[in-house]
Number of protein chains: 2
Amino acid sequence: MQLTRERIITAAMELIERDGANAVSMRRIASELGTGVMSLYNYVPSRAALLDGVADQVMSSIELTIDPGASWEDQVRAQARAFQQIARTYPRCTMVVVSRPADSPATLRPVELALATFRSAGFGGEDAVRAVRAFIAYIVGSLVREVGVTPGLEPQRPLGQDPAILAADRPILNPAEFPQVTSLTAELMRRDHDADFEFGLDLLVRAVADLRPARRS
Amino acid sequence: MQLTRERIITAAMELIERDGANAVSMRRIASELGTGVMSLYNYVPSRAALLDGVADQVMSSIELTIDPGASWEDQVRAQARAFQQIARTYPRCTMVVVSRPADSPATLRPVELALATFRSAGFGGEDAVRAVRAFIAYIVGSLVREVGVTPGLEPQRPLGQDPAILAADRPILNPAEFPQVTSLTAELMRRDHDADFEFGLDLLVRAVADLRPARRS
DNA sequence: ACCTGAACACCGTTCAAGT
DNA sequence: ACCTGAACACCGTTCAAGT
């Protein structure tokens, strides 16, 4: 089968999702595709460029459906959730996306839509930009916290397993030094990423709503 | 000079800050310290453990001075800024911190303080936990956006340089497809991380303040 | 007991030789 | 022109031999 840039990127993504992200070596991708390593370089200039391609591919997969009837608050929420959805679909590719500068058309498309939403809600250009940045920071942080990977991009523990902030087998924390953490063990152990995400998202949406200048429509 | 775990971690941090973070190889650290590679393994079980040590070291360096006279809002702000300060002091180590699960005493200390602050402001345990998580997500996302590194942990461009969202030498975006992004080029190019951080931080603080139940004191 | 060189099974990428 | 094997300069870690 013909080697293409697209096939190489797809193979890289599958490899990342299957074996963790530091399993992405040019050599492994090549053997996955049944080619010699150097054949890849006819379609992709370097490993770094390949990972940029992976990030772009993931960003392009975000489904930004707009409901014109919804309030701007709900539109913002929907856009944020579409972003957050990456962690569900490509958990191990998430860090690749998050750790690359966002300046390709694929990454600017969600920015464009978010800016348009804030502007049509009545925000000025500068406030719209700042609001979008605040949401992006929150979403990116949520993604990072949710997938929790090593610098090598390999999930520390099997995905879905609890981060074990205070598991029984951990070195006991001194209750005198950590009164809150030890007394709130139950709350800290209970992780519901969706609920956590919605909680913070709601905070931001309502705070931004308070900023909004005079009505528009 | 005697090899110690501390000296190894310090050398790793210097190497990361000097040459970018994928310059951290066991071999480079060893040659930096004038030892054989394998000598390191008498003090550190693996490269991954070494990076955990680096993350711990950075987290321990956060200065969490508390001003008991300040409002709880200002205390939360001060704690968030102390966190954010990491990006200034150890820009290239930041991703190492951010990409590791936070369950060591060094990383739980700021959590403990934040929980105590919210609780003494009158929040219940569950709300305090959720608020702390929202702030952490925002701070982590801000750090990631600010240092902007590759999965290999190497800054894409010299630090301090503009991310060039829309630099003149980039492929021109279609203004019909990106009306907001193209018309807001000036705002998008102007990056003031401190101002951006304060903007979002203020949103969160005020939104959380609205949540607060009946007074306490 | 602590230390460490050699070796193993990997990397990304250059370069020159093949078609 | 497109393709690719050999080679180079790297990795982290095991293992066995040294002290």
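1. Let us start with Y43(A) and its surroundings. Setting aside neighbours within four places in sequence, Y43(A) is in contact with Q2(A), L3(A), T4(A), R5(A) and I8(A) (contact means heavy atoms within 4.5 Å). Y43(A) sits in the loop between α2 (26-33) and α3 (47-60) of chain A; helices here are DSSP runs of H or I with at least four residues, strands are runs of E with at least two, and both are numbered from the N terminus. Y43(A) and R7(A) are 36 residues apart in sequence, and their C-alpha atoms are 9.9 Å apart in space. With a relative accessible area of 31%, Y43(A) is partly exposed (buried is under 20% relative accessible area, exposed over 50%, and partly exposed in between, with a 1.4 Å probe and protein chains only).

2. A word on the model itself. This is a predicted model, in which local features need pLDDT of at least 70 and side-chain atom pairs count only at pLDDT 80 or more, while totals for chains, interfaces and linings use all residues. Residues are numbered from 1 along each chain as its sequence is written, chains are lettered from A and ligands numbered from 1 in the order in which they are written, and side-chain values use heavy atoms, leaving out hydrogens and water.

3. Now the overall plan of chain A. Chain A has 10 helices and zero strands, and 51% of its 217 residues count as buried. Of the contacts in chain A between residues at least 6 apart in sequence, 70% join residues at least 24 apart.

4. How do the two chains compare? Chain A can be laid on chain B with an RMSD of 0.0 Å, by a turn of 180° and a shift of 0.0 Å along the axis (the superposition is by least squares on the C-alpha atoms of residues with pLDDT of at least 70 in both). The two copies are therefore related as by a two-fold rotation axis. The same surface serves both copies, as 100% of the contact residues of chain A recur in chain B.

5. R77(A) belongs to helix α4 (residues 72-89) of chain A and is buried, with a relative accessible area of 15%. Not counting residues up to four places away in sequence, R77(A) touches L201(A), D202(A) and V205(A).

6. In chain B, look at a helix pair. Helix α4 (residues 72-89) of chain B packs against helix α6 (residues 105-120) of chain B at an angle of about 165°, with the axes 10 Å apart. Axes are lines fitted to C-alpha atoms, for helices over the stretch in contact, and angles run from 0 to 180 degrees between N-to-C directions. That makes α4(B) roughly antiparallel to α6(B) (an angle over 145 degrees). W72(B), Q75(B), V76(B), Q79(B) and F83(B) in α4(B) meet P110(B), L113(B), A114(B), T117(B) and F118(B) in α6(B).

7. D56(B), M59(B) and S60(B) of α3(B) make the contact with A106(B), T107(B) and P110(B) of α6(B).

8. Finally, V37(B) lies in the loop between α2 (26-33) and α3 of chain B. V37(B) counts as partly exposed, at 26% relative accessibility. Apart from neighbours within four places in sequence, V37(B) is in contact with M26(B), R27(B) and A30(B).

Technical notes. Angles under 35 degrees count as roughly parallel, over 145 as roughly antiparallel, 65 to 115 as roughly perpendicular and the rest as oblique.
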